[in-house]
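Here is a short briefing to read alongside the model. Please keep the structure open as you go through the points.

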Amino acid sequence: MAEGDPIMVSFENISKSYDKNPALKEVSFSVEKSELFGLIGPDGAGKSTLFRILTTVLLPDSGRVLFDGEDVVKDYQYVRNQVGYMPGKFSLYQDLSVRENLEFFATIFNTSIAANYDLIHDIYEQLEPFETRRAGALSGGMKQKLALSCALIHKPKVLVLDEPTFGVDAVSRKEFWEMLKTLKEKGVTILVSTPYMDEAALCDRVALIQKGNILKIDTPRRIIDQFDKTLFKIRSSQIYKTILALEKLPHLGTAYSFGQEIHLYASKDIEATDVESQLLEVGIADAEVKPGMANIEDCFMNLMVAENMEDHVG
Amino acid sequence: MRVLFYILQKEFLQIFRNKAMLPIIFVLPIVQMVILTFAADFELDHITYTYVDSDLSATSKRLLAKFEDSPYFQLSRTSDDFKDGMEALDQNEATLMLRIPQGFSHDLQKEKKAMIMLDVNSIDGQAATLSFSYATGIISMYNKEIIMEWNGLAREVSLPVETRVRYWFNEEMEYKNLMVPGILALLITMVGMFLSAMNIVREKEIGTIEQINVTPISKTHFLIGKMFPFWIIALFELGFGLTIGRLIFEIPLNGSIPLLFAYSAIYMLVVLGIGLWISSFTDTQQQAMFMAWFFIVIFILMSGLFTPIENMPQWAQALTYINPVAYYIKVVRAILLKGSNFYDLQFDFLVITIFAAVMMGLALLSYRKRG
């Protein structure tokens, strides 16, 4: 592959089934060099399966994956040397200390901590006071930093992170995404999966995956621009009752509760006053309906609803 | 090489960080050897018995006195009749009932021939056989005395054909000399198989295998790293067990100790191979534990340690040819008690080497870094 090729990883028609249950259906997309690529989808969408195929621990039923121009099935050794993988579950040795874990992973990649310290410096710095502590005794955020350090210690070309922020507190999550940004600037290509849609906005490009299908791939900005509905934010003292009422008025659109608000994805020709008056008819008097700006979550919810509807029709 | 060295270092570090490990290595062998060796003593003394003396003659009293004098027998109670005696057997008060019928002394004197009856509780077959043979021993002594008296001989008569038994390689039929080497063999088999079976599975359970599989670490290095520490521990265990056996039980060490270690080193490859093979097809430590138990129980019960192989049915005897534990126990006993050398044991060496090659191959083939 030529030096100037911007593609780092490409999935070509990947399918995989577990006991006849399809986990991935003809998935194709590619990730560019130094890109922070997000794979967003609910649990069971196929994110981990896709990553496990990429990291050579699972064989696809059909299709192929090119990693820096090499086939991941044939040249798995190349991939294993060049990929840094952080599985969803904390996978370091809990009975080894912070330092021992890092040293172990450096050694099995035939390198040393000193040789690649610059890449992990910012992250590992925060762990240094706990170097002799057993990994099992670290806090969640610290474990995650150690796992990231271990995945990076051999200076991989591609970093694959499977739901790295799952179960991590909001502050640590924010910090973690900052770290990813820094790594990207250092030239590492990053593939990250997450069930949290709000994190999608932090990626260069995102793919929305559901039931083994990619529903959409684009930059977060463009996905928001392509939102083809009107978003109404509805406030009411009886959120649950209002949602039930909206479900009985399907011609208005689909509604979801977002914390204290209800988001209604309505066709372009519906006005806020239409919604208010129809809600009043079914007995909800205090609903306050305002048009709003869709964020990436709204776009995904809307896309997933559309897909589910097709499923039901089909 | 550096990678392998580091993998080994990591494995040893983890093994000794495991709090249960030191007791397993040091306490387990002592406790097992001491308890099992004393408990698995097949010699019987203080066999409880009862008698029903319906004759109540001097002749019958004399026979009963013989039993009372025997160190092997202990009278638990006397019984009035058969029913009473059966009750004693029923309630486990006695293992054996001796019945002397009415007219015993009369028959003996007039007809030179009399009957007595022995009833033995055979719930425990081995104990029954032994108590029976001890009892007949006493009775035959009594017979001899009577014959002497009838013939008016002062000197002991000798029967034309006399049997003399000498128990070679274990002169005093010391059960501990048989048991200690056997238990030693069990011990290192158990330690080796359980520890190796649980090890990879543990990485699967904790999830660390997921991370390891993505690294360029080679399968062979990984498996050597998993096996070598337990190989060392098991051989150390053997040395430790031999020392205890020598110090506490004074077992004989007739053969070459280096030969024993050489055989054990090959044998351990078989055991560790089975362990690794188990851990490649199980997903949790619980499953691995059950599988390891399954093999251990069959191997041990059919090893000849507790039941002599010759007493097993033909098909079961055939099975012992593929039981590595049977070979091992046989070889440990042969080297320690009989002082066998390499020349005597070359067939056993050949067999165990083939087993080792097969199990290593199986372990290597069944472990996969990707699904």
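Predicted model: local features only at pLDDT ≥ 70, side-chain atom pairs only at ≥ 80, totals over all residues.

Residues are numbered from 1 along each chain as its sequence is written, chains are lettered from A and ligands numbered from 1 in the order in which they are written, and side-chain values use heavy atoms, with hydrogens and water left out.

**Where the chains meet**

- Chain B brings 25 residues into contact with 34 residues of chain A (contact means heavy atoms within 4.5 Å).
- About 2,900 Å² is buried between chain B and chain A, with carbon and sulfur atoms giving 55% of that area (the accessible area, 1.4 Å probe, that two parts lose on being put together, summed over both).
- The rule finds three salt bridges across this interface (a side-chain nitrogen of Lys or Arg within 4 Å of a carboxyl oxygen of Asp or Glu).
- A:D95 and B:R202 form a salt bridge through their side chains, at 3.3 Å from N to O.
- B:Q211, in helix 8 of chain B, counts as buried because its relative accessibility is 5% (buried means under 20% relative accessible area, exposed over 50%, partly exposed in between, with a 1.4 Å probe and protein chains only).
- Leaving aside neighbours within four places in sequence, B:Q211 touches A:Y85, A:P87, A:S91, A:L92 and A:F105.

**Covered helices of chain A**

- Helix 3 (residues 98-108) of chain A has nine of its eleven residues buried, so it is largely enclosed by the rest of the structure (helices are DSSP runs of H or I, at least four residues, numbered from the N terminus).
- Its buried residues, among them A:F104 and A:F105, pack against helix 4 (117-124) and helix 5 (140-152) of chain A, and also against helix 1 (2-17) and helix 8 (208-213) of chain B.
- Just after helix 3 of chain A comes A:N110, with a positive phi of about 60°.
- Helix 1 (residues 47-54) of chain A is mostly covered, with six of its eight residues buried, including A:L50, A:F51 and A:I53.

**A helix pair in chain B**

- Helix 10 (residues 257-281) and helix 11 (residues 285-301) of chain B pack at about 145°, their axes 9 Å apart (axes are lines fitted to C-alpha atoms over the stretch in contact, and angles run from 0 to 180 degrees between N-to-C directions).
- Helix 10 of chain B contributes B:I274, B:W277, B:I278 and B:F281 to the contact, while helix 11 of chain B contributes B:A288, B:M291, B:A292, B:F295 and B:F299.

Technical notes
Helix = DSSP H or I, 4+ residues; strand = E, 2+ residues; numbered from the N terminus.
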